[in-house]
Amino acid sequence: MATASSTARPGAKPADPPWDVDPDSARAAAALVARQSQVLAALARILPAESLLYRHEDTVAFECDGLTAYRQSPLVVAMPHNEEQVAQILQQCHDLGVPVVARGAGTGLSGGALPHRAGVTLSLARLNRIRHIDPLGRTAVVQCGVRNLAISEAAAPLGLYYAPDPSSQIACSIGGNIAENSGGVHCLKYGLTLHNVLCIRGYTAEGESVQFGSAALDAPGLDLVPLVVGSEGMLAVVTEVTVRLTPKPQLAQCIMASFETIETAGAAVADIIGAGIVPAGLELMDKPMTAAVENFVHAGYDLEAAAILLCESDGTIEEVAEEIGRMRAVLEGSGATRIEVSRDEAQRLRFWSGRKNAFPASGGLSPDYMCMDSTIPRRRLAEMLRAIESMEGKYGLRCVNVFHAGDGNLHPLILFDANDPDQLHRCELFGADILETSVHMGGTVSGEHGVGVEKLNSMCVQFSAVERELMLAIKRAFDPAELLNPGKAVPTLQRCAEYGKMHVHRGMMPFPDLPRF
Amino acid sequence: MDAVVTRLADQIRGAAAGAAPLCIRGSGSKDFYGGVPVGAPLEMGELRGICSYEPTEMVITARAGTPLAEVEAALAEKGQCLAFEPPRFGGKGTLGGMVAAGLAGPARASVGGVRDFVLGVSLLDGRGELLQFGGQVMKNVAGYDVSRVLAGSLGVLGAIAEVSLKVPPVGAARQTLVFDLDQGAAIVQAQQWTSLAVPIRASAWHQGRLHVRLEGALAAVESNAVRLCASHAATALEPEAAAAYWSDLRDHEHAFFRGPPPDGQTLWRIAVPPAHPPLDLPGDTLVEWGGGQRWVFSDAPASHMRAIAERAGGHATAFRGAPERAETFAPLQPALERIHRRLKAAFDPAGIFNRGRLYPWL
């Protein structure tokens with residue numbers, strides 16, 4: 001996992017800027033210094049000095065997002081207070097041909113907000129006002145920097161909330177949620193960010209105002225909302241979002257069920273869905289993960305079980321009673337060895353405490369972990385877990401597993417020590433193996449964390465050259481000069497060609513004895 | 001590539017070479033909608049059949065020319081459905097046409113639209129390349145979400161070959177109640193009930209009567225029906241009558257829609273923020289989606305209808321019977337129009353697919 005600055009851009013041409021052609025040269029360094037003063041001079045006409053950061057000690061906090069293994073100093077960090085400033089910054093950067101990386105709370109897990117060494121990081125955290133909540137129409141109009149949980153907090157007095165709940169919801173911003181199409185543990189029933197957003201306002205790379213969707217349930221023309229949602233800041237800069245609010249369910253109840261084998265747990269997931277039940281949440285933890293979180297939260301998890309399922313129902317009191325009864329019957333029929341239904345809210349939250357703390361608990365198991373995010377058809381969960389088990393032997397690293405089982409979205413956490421370059425490398429191979437196995441099972445390399453810089457190579461496996469070519473053309477349709485977050489999400493053809501060669505010439509790989517596909 | 005797809009791809013390449021327009025065609029049930037179809041037909045009807053259906057995955061994958069009726073029958077057998085209730089004009093529609101038209105029925109406001117259920121597609125682009133986007137899984141953020149953009153695209157980007165859709169279970173119970181309310185009260189009431197988590201799956205107001213369909217868990221439907229009837233005078237419809245009512249509404253067989261538009265009148269579809277108070281619409285009005293979709297027959301000029309919709313934060317579509325079909329859809333802001341043009345060029349460089357169907361310049 002090299003830092004972004006240490007290698008030349010694949011396919012860089014001599015006519016490209018010096019920092020692309022030969023990033024470590026004195027010529028590149030000088031060119032960057034010159035460009036920095038040029039950009040600062042242009043932006044100083046728009047922003048007060050305190051809103052422009054450029055000294056290394058000031059910009060260091062912006063070097064990475066939640067994927068800390070990738071770091072890069074930005075040329076300049078711009079922190080606008082309002083939309084007019086956003087528009088002007090974009091216009092200036094466009095005129096100067098300077099890349100712009102929009103950034104929300106910086107909690108992303110795939111390096112989507114990794115700075116560009118010759119670009120401006122546009123921190124939108126200060127656009128954090130909730131403009132309007134419509135209690136009758138159940139919508140909220142919020143600026144992009146508003147935190148996910150702050151929307152639900154503001155809507156709570158009206159008995160409403162914003163349904164998508166990524167685990168970083170205390171900190172992550174709605175603008176970032178749009179960029180990643182964030183999910184959470186309630187997606188199967190309540191949808192992803194896409195399903196809970198009506199209207200997105202923002203600016204094109206040229207700084208022109210643009211609106212996708214509308215406050216109505218549809219808008220004229222092509223529906224571009226699904227392109228912009230999940231586009232990782234590459235199509236437009238989002239400044240204001242109209243979200244749909246959901247009535248808070250009267251009651252939520254959770255079943256914790258134990259299974260003796262991974263296979264029976266996987267089958268139980270299919271049985272639930274097959275019975276016509278759409279649980280509010282359906283999560284699976286394997287035995288090592290359960291042990292880790294029990295040690296962390298002491299929630300009374302069954303440490304003997306090969307897998308634990310958390311199955312939640314919400315709605316009216318009558319609805320929940322009916323659904324919990326049906327869920328229990330299905331789980332019993334599927335061979336659950338132990339079933340516990342939460343008696344009250346405190347117990348329900350205790351059931352969830354482990355799941356919600358899966359990441360920090362894993363931090364206690366090992367100096368570092370790498371979280372994967374692929375999605376597979378639900379019916380192949382057990383097969384996938386077995387495959388991961390055998391990869392543990394293959395790569396000599398441990399892996400603990402939590403799944404959004406209802407969505408088929410996996411979060412295997414590969415444990416390693418980043419200070420050991422060999423472990424880091426094996427971890428990367430392990431991760432790529434999981435992603436490729438997921439694609440071969442009919443799944444996708446990213447369910448909710450995005451591609452960013454982390455999964456660029458895996459995109460080469462999932463999509464053909466013509467499909468990737470079309471995605472690059474979509475990027476240019478929105479941003480002809482390719483200045484918005486360049487180099488993320490969709491790999492260049494050259495990059496995939498390089499990656500393809502690595503696969504073909506296995507003898508060249510650092511671990512030629514590792515069995516691959 | 002199978003033989004039918006290969007033949008379609010060949011036809012596309014031939015047309016692209018001569019920049020000759022193609023009209024992507026399923027059953028033709030929505031020929032009335034959008035700009036007048038032009039060009040040689042690209043017949044999708046032979047590309048039919050369900051490719052895979054896994055009820056435990058809540059996913060069905062079928063080829064574009066598969067009749068909607070065939071898909072719905074397969075789903076019904078397993079207690080699942082197309083929750084967005086797409087209209088079946090004349091009972092002939094195909095799956096590909098359903099996605100391309102992007103029209104949803106009475107349940108739209110509560111469950112989402114066509115695009116919300118699209119999980120993946122394979123698409124023949126303007127070069128005759130078969131491309132795949134999305135997949136058969138619920139969550140997928142790898143690359144741009146091209147598959148969902150095709151919902152409502154009216155075929156201007158390419159010919160859908162295959163679609164995967166999320167297919168949720170049908171509600172365990174349903175009950176339709178009818179209330180005597182004026183339009184303003186009906187809109188407010190539908191919104192308030194939804195805010196109170198009353199499981200309203202569909203609503204429709206016409207000529208002083210609000211039909212509300214509760215759907216969901218048995219306990220929730222029963223308790224809420226009792227609750228609503230206790231606070232408001234309501235009539236409960238018999239299950240057969242209720243099913244017929246919603247099916248007619250969905251397929252535009254309801255008395256309001258039936259038959260060709262009256263002389264010189266256009267059927268306008270006004271989409272506005274659902275809670276918006278009644279609009280000053282010049283004619284008999286039918287309100288769906290808790291207020292989000294309002295239908296009116298009128299001979300008022302398009303500019304008048306568009307202004308009314310825009311003032312309310314929405315847009316107006318000349319759905320059927322417009323004198324000028326090229327102006328079916330509301331115009332776009334300049335930045336959006338430029339993006340549309342460039343997207344069209346990316347998908348269909350020779351500009352052959354469904355020319356003028358969405359906009360005259362596309």
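## Close-up views of a predicted two-chain model

**View 1. The contact between chain A and chain B.** In this predicted model, the contact draws 69 residues from chain B and 79 residues from chain A. On the side of chain B that touches chain A, the elements giving two or more residues are the helices α4 (108-111), α5 (114-117), α6 (146-149), α7 (183-195), α8 (218-231) and α11 (334-347), together with the strand β6 (130-134), each of chain B. Of these, α11(B) gives the most, with 7 residues. By residue class, this side of chain B divides into 36 nonpolar, 22 polar and 11 charged residues.

View 2. B:V111 counts as buried because it has 22 C-beta neighbours inside 10 Å, where the cut-off for a buried residue is 20 or more. When its neighbours within four places in sequence are left aside, B:V111 is in contact with B:A83 and B:F84. B:D251 stands 140 residues from B:V111 along the chain, and the C-alpha atoms of these two residues are separated by 18 Å.

View 3. In chain A, 7 strands form an open sheet with antiparallel pairing, and their order is β15-β12-β14-β13-β17-β18-β16. The edge strands, each of which pairs on one side only, are β15 (338-341) and β16 (368-371) of chain A. From one strand to the next, the twist averages 15°. Helix α9 (residues 262-274) of chain A packs on this sheet, where it touches β12, β13 (281-286) and β14 (307-315) of chain A, and the direction of α9 makes about 20° with that of β14(A).

**View 4. Pairing of β12 with β15 in chain A.** Strand β12 (residues 251-259) of chain A is joined to β15(A) by 4 bridges, and the two strands run antiparallel. Within this pair, A:I255 has A:V341 of β15(A) as its bridge partner.

**View 5. Chain A as the setting of the sheet.** Chain A has 18 helices and 18 strands. Its radius of gyration is 23 Å, close to the 24 Å that the globule rule gives for 517 residues, so chain A is as compact as a globular protein of that length. The C-alpha trace of chain A spans about 70 × 65 × 40 Å along its principal axes, and buried residues make up 55% of the 517 residues in the chain. Among contacts in chain A with a separation of 6 or more, 71% are between residues 24 or more positions apart.

Conventions: Residues numbered from 1 in each chain as written. Chains lettered and ligands numbered in written order. Predicted model: local features only at pLDDT ≥ 70, side-chain atom pairs only at ≥ 80, totals over all residues. Pairing = 2+ DSSP bridges. Axes fitted to C-alpha atoms, helices over the stretch in contact; angles between N-to-C directions. Contact = placed C-beta atoms within 7 Å. Nonpolar A, V, L, I, M, F, W, Y, C, P; charged D, E, K, R; others polar. Buried ≥ 20, exposed ≤ 12 C-beta atoms within 10 Å, placed from the backbone. Rg over C-alpha atoms; globule rule 2.2 N^0.38 Å.
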